[in-house]
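I am opening a notebook on a structure that is new to me, and I will write down what I looked up in the order in which I looked.

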Amino acid sequence: MDRRSFLIGAGALGAASARPSPRPTLDADVIVIGAGLAGLHAARLLEEAGVEVLVIEADERVGGRVRTLLDVPERPESGGSEVGSYYARVLDEIRRHGIETRKLEFGRLDFALHVDGHLISAQDWPKHPANRLEGRARALSPAGLESAYVSRDTGLAELDAWLTTSRNEPDPSLDAAYRSAGASSQALQFLALGAQADRLEDESSLWGRRKRKASEWGRGSAGSGFFQVVGGMSRVPIAMAASLRRPPRLSTPVVAIDIGTEGVVLHVRDERGQRRRLRSRYAICTMPLTVLRDVPIAPRLPALQAEAVRLIPYGHAT
């Protein structure tokens, strides 16, 4: 395909003076939108293939939904806090950068709950007045509440068996499934915190079964359990970003995307809030769909892709 464009002269020069217009300067071969784990991983793979890459990020830091509060005592996690044995690419990056990990033993975790304005220890929770759960759910921590309302048997023989599960089976929302199992309003509030979707009504029971099967696999003999990064999970994206030939450009939110015959034009705001354009042959977008919904794209995405961007839920972070 001939990707050149031409500017036709006017006036005395006439058509005879037609000459090619200068091709816009590219900021990179590929621009990756988002400096979370997915964006940084994509950038590394492209660089290894010899492609010139620029990663841009709306936030003032890298990591996306991974965020260790590095300036707070004990460095608590405010995002993804552990890595399961099925997180193959993350584990590969951890090994690649020589990052130390430790086995996560859930049974030894100590925790507190903040409920209705009360800070409650795990030991005090079962008998605390703020605990309005019923039956055996009352003795469980909110983090393990799911086991009171769903069967431990997911009905999925293999890790990927959910892909071939008959679509003719009833598949109610998690909200409907929990309610039918007797979950109270307080139980539903706690259960929603662990859901993938923003609301229990938006998540499929089959998807919930898939998650439980994955967790079961990761803890069992097939997997090797769960790990935490010594010093905080943010060490992973920070190391990934530092390994790139070109450091990510932070505080650069995308406000519009234009796709044309010459490539992609990203309309962004720089650190001073000024609007400018970045050009590349291709762009990889890893921003959350809930953010992408508000970014104009021209031409419009195909109908099914646009529907996916508009409807797919985005789960909670810690």
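I began with the second largest pocket, for which I noted a volume of about 350 Å³. For the term itself I wrote that, on a 1 Å grid over the protein atoms alone, a pocket is an open set of points where a 1.4 Å probe fits, with protein on both sides within 12 Å along at least five of seven lines, and that lining residues have an atom within 4 Å of a point. Volume is here the space filled by probe spheres set on the points, which are joined across faces, edges and corners.

Before going further I recorded that this is a predicted model, in which local features need pLDDT of at least 70 and side-chain atom pairs count only at pLDDT 80 or more, while totals for chains, interfaces and linings use all residues. Residues are numbered from 1 along each chain as its sequence is written, and side-chain values use heavy atoms, with hydrogens and water left out.

Which residues lie nearest the centre of the second largest pocket? I found Ile 257, Ile 259, Val 264, Ala 283 and Leu 301 there, out of a lining of 18 residues. The elements giving two or more residues to this lining are β10 (254-260), β11 (263-269), β12 (275-285) and α8 (303-311), and β12 gives the largest share, 5 residues. Helices (H or I, at least four residues) and strands (E, at least two) are DSSP runs numbered from the N terminus. By class the lining has 13 nonpolar, 3 polar and 2 charged residues, where Ala, Val, Leu, Ile, Met, Phe, Trp, Tyr, Cys and Pro count as nonpolar, Asp, Glu, Lys and Arg as charged, and the others, Gly among them, as polar.

Staying with β12, I looked up Arg 277, which is found in that strand. Arg 277 counts as partly exposed because its relative accessibility is 48%, given that buried means under 20% relative accessible area, exposed over 50%, and partly exposed in between (1.4 Å probe, protein chains only). Leaving aside neighbours within four places in sequence, Arg 277 is in contact (heavy atoms within 4.5 Å) with Asp 27, Val 265, Leu 266 and His 267.

I then turned to the helices, and saw that α1 (residues 37-48) and α2 (residues 88-96) pack at an angle of about 65° with their axes 11 Å apart. The contact is made by Leu 37, His 41, Arg 44 and Glu 48 of α1 and by Arg 89, Val 90, Asp 92, Glu 93 and Arg 96 of α2, and these residues divide into 2 nonpolar, 1 polar and 6 charged. The axes are lines fitted to C-alpha atoms over the stretch in contact, and angles run from 0 to 180 degrees between N-to-C directions.

In helix α4 (residues 185-193) I listed Gln 186, Ala 187, Leu 188, Phe 190, Leu 191 and Ala 192 as buried, and the buried residues of α4 pack against β7 (112-115) and α3 (174-180).

Last, I checked the backbone in some loops. The peptide bond from Ala 298 to Pro 299 is cis, with omega near -5°, and Pro 299 is found in the loop between β13 (297-298) and α8. Arg 75, in the loop between β4 (53-56) and β5 (83-84), has phi near 50°, a positive value in a residue other than glycine. Asp 116, in the loop between β7 and β8, also has a positive phi of about 50° although it is not a glycine.
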